[in-house]
Amino acid sequence: MIKDDLVELFCSNVVRAGARAKRVTDTDGLRDTVSELVRGAGSVYCPCVTEMEKVLTISPQTLVADYLKAETTVEEVAAGIAETGTVVCLSSSGKALQAGVVTSHHVAIVSRERIFADLDEFFAWMGGLPPTNITFITGPSRTGDIEQTLSVGVHGPGRLDVIIC
Amino acid sequence: MKHVHTPINFRENAITALQDKALRKALRKAMDLFIMARAVGVSGTPLETWREKASAIRMRVLDDLPAYLDTFSANATKAGAVVYRAKDAQTANDIVFNILKDRGARRIVKSKSMVTEEIGLNEYLLSRDMSVVETDLGEYIVQLAGEPPSHILGPALHKDRQQIGRLFQQKLGVRYTEDVSELIKIARNELRTEFFRADAGISGANFAVSDSGSLVIFTNEGNGRMVTTLPPLHVAVLSIEKMIPSLSDLPTFIRLLPRSASGQTLSSYMSVITGTRKLGELTGAKELHIVLVDNGRFKILAGECREILKCIRCSACLNICPVYRVVGGHAYGSTYPGPMGVVLTTLLNGMDEAHSLLDATTLCGACAEVCPVQVPLPKLLSTLREKRVIDGFTPAGERAAMSVLALAMKVPAVFNLGQIALRFVWPLLQGTVANGRFSGIDPPAKKNFRRRVS
């Protein structure tokens, strides 16, 4: 599958899982999209360790160092899987993966170079020695435990935005 | 301990359940939704190929389970976990209790684990002065209500929003509401507090990966992620048959489990946890203890019903079962309901306790059609029914009737005589023996079918 089709499939499956997908082509686009997404958020957590995280311009007033106090987490994730519309976080990135589950809004940035066609391709890339935690995120936190009424945001984020850069 | 050793009275439980209008309505709605969602989820996929593959992988594990367990233990230990083997419920509960006690852990958050229901872990810890809070919304609801879960995937699906509203009002002291999003917000807030002050998290696992020592946990709510990453201590309790050989086998099960359960391509969250937090990492418990529970499974493995151990607890067989669909999970009086539950409970708890569950099937075979790992459930149910007869657990009247029928089937003269005799004893059967249960059935015809067609 050529890369553009793969990205297209990834985006449509991200949306099918109940998240939103946005494609940007350069760092300016990335910066603008993130600023737009976190506008209005009272507190934003960003690990600011990867190149893509470092170019972001999040207002210092809203930026918090403790993810437990944040409303929104913005971070680059390790990979995307087109087959399922999943973003993948790895503990070997040196990040606290729990930051992506305790806030009510999660913005995940994934490099288009790290989008895999399917689960098999992803696990082949991972190899046999996994880090302490691999977290697969497919859509927002959801439950159907009360009368099968689908509700989002029960424990984790009710809103998931995926940016492909 | 939940493990009651009094015989389950399925017939009586079923009669009670059938009279519960609210339950019937809740079940109908939930079951139809699950079945429809599954059908949509599997449509257009190479389902049969996946099932073949998954079944073969599971059989490979069962054929060599001790070796897979040893490899798993070695790899998990290498990654920083401490692995325990528990031969029975008591041992498993003691192991967990001692881990917690030795570290002064009193407040425990828990994500869903069926095997901890099976061994009665919550009651065990609660009776020893520990606080254990279930964090899956459905499990939280049934825990507040003091009930066992009634479905593997939707533990509280037997309750409607009004019942949950009243429960929250009564147990949490909040204002009554039947608004689902309000109810969820209440639970979220209550559970947040628990997550942040917990000393330890207890989870189950959907799969354990032998060649990497990893645990795989699926959740939709995110509670599984919190339980396994927020507290410094993580105790995972799982049954021994959860093994899969390698991470490269995982995609097949990822494709089958959520689709079979709820029709989802993938649950919202899936965590692959391998050992404890390493240098340079900010995620992972500081201590990970893994308790592998046998509790009768090695015995099942050695018997003719071993294929039940392929089960991955998706609950598709519950949703499609014409019996489960009308009586619900509580009628089974066991941790595991539905077709897989009947088989597993009979094997785990023994015929004397569980034989009445073998009536909870029509042998229609729908369960085998939806099973993602091709467990031959109707075959297993028949085998166990046969065993029930051999062990003498069928009523004396039924046994006597069956011997007469067997004789009639073998000897045509007896068969013919029986047909004639039946016409005369019919009123007697109708009135006394059947106690009116045959009232809708016509008496035997004067000229029987064979004579009419020949």
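## Chain A as a whole

Two residues are in contact if their C-beta atoms, placed from the backbone, lie within 7 Å. In chain A of this predicted model, residues 24 or more positions apart account for 69% of the contacts with a separation of 6 or more. Chain A holds five helices and eleven strands, and 54% of its 165 residues count as buried.

The C-alpha atoms of chain A fill a box of roughly 45 × 45 × 30 Å along the principal axes. A compact globule of 165 residues would have a radius of gyration near 15 Å, and the 15 Å of chain A therefore agrees with this expectation.

## The parallel sheet of chain A

Strands of a sheet pair through backbone hydrogen bonds, either parallel or antiparallel. In chain A, five strands form an open sheet with parallel pairing, in the order β1-β11-β6-β3-β2. Its edge strands are β1 (20-23) and β2 (44-45) of chain A, each of which pairs on one side only. Strand β2(A) is joined to β3(A), residues 72-76, by two bridges in the parallel sense, and the bridge partner of A:V44 in β3(A) is A:T72.

Helix α1 of chain A, residues 3-16, touches β1 and β11 (159-164) of chain A, and its direction makes about 150° with that of β1(A). Helix α2 of chain A, residues 27-38, touches β1, β2, β3, β6 (105-110) and β11 of chain A, and its direction makes about 170° with that of β6(A).

Strand β5 of chain A covers residues 86-90; five of its five residues are buried, so the strand is largely enclosed by the rest of the structure. A:T86, A:V88 and A:L90 point one way from β5(A), while A:V87 and A:C89 point the other way.

Strand β5(A) pairs with β4(A), residues 79-81, through three bridges in the antiparallel sense, and A:A79 stands opposite A:V88. These two strands form a hairpin with four residues between them, and A:G85 in the turn has a positive phi of about 70°. Strand β5(A) is also joined to β8(A) by four bridges, again running antiparallel. In that pairing A:V88 stands opposite A:F136.

## Chain B: domains and sheet

Chain B is divided into domain 1 (64-297) and domain 2 (397-453). The centres of these two domains of chain B, taken over C-alpha atoms, are separated by 54 Å.

An open sheet of six strands is found in chain B, with parallel pairing and the order β1-β10-β7-β4-β2-β3. The edge strands are β1 (81-86) and β3 (131-134) of chain B, each pairing on one side only. From one strand to the next, the twist averages 20°. Within the sheet, β7(B), residues 233-239, and β10(B), residues 287-293, pair in the parallel sense over seven bridges, and B:I290 is the bridge partner of B:A236. Helix α4 of chain B, residues 65-78, lies across β1 and β10 of chain B and runs at about 150° to β1(B).

## Two packed helices in chain B

Two packed helices are described by the angle between their axes and the distance between the axes. For α2(B) and α12(B), the angle is about 145° and the axes are 6 Å apart. The residues that meet are B:F34, B:A37, B:R38, B:G41 and B:V42 in α2(B), and B:R259, B:S260 and B:S262 in α12(B). By class, this contact has three nonpolar, three polar and two charged residues.

## Where the chains meet

At the interface, 52 residues of chain B are in contact with 40 residues of chain A. Several elements of chain B each supply at least two residues of the side that touches chain A, among them α2 (21-42), α12 (250-262) and β9 (269-273). The largest share of this side of chain B, six residues, comes from α10(B). The residues on this side of chain B divide into 22 nonpolar, 20 polar and ten charged.

A pairing of strands also links the chains. Strand β8(A), residues 133-137, and β9(B) pair in the antiparallel sense over five bridges, with A:I137 opposite B:Y269.

Notes
Residues are numbered from 1 along each chain as its sequence is written. Chains are lettered from A and ligands numbered from 1 in the order in which they are written. This is a predicted model: local features need pLDDT of at least 70, side-chain atom pairs count only at pLDDT 80 or more; totals for chains, interfaces and linings use all residues. Two strands pair if DSSP finds at least two bridges between them. Axes are lines fitted to C-alpha atoms, for helices over the stretch in contact, and angles run from 0 to 180 degrees between N-to-C directions. Ala, Val, Leu, Ile, Met, Phe, Trp, Tyr, Cys and Pro count as nonpolar, Asp, Glu, Lys and Arg as charged, and the others, Gly among them, as polar. The radius of gyration is taken over C-alpha atoms; the globule rule is 2.2 Å times the number of residues to the power 0.38. A residue is buried if 20 or more other C-beta atoms lie within 10 Å of its own, exposed if 12 or fewer, and partly exposed in between; C-beta atoms are placed from the backbone. Domain bounds come from an automatic or database domain assignment.
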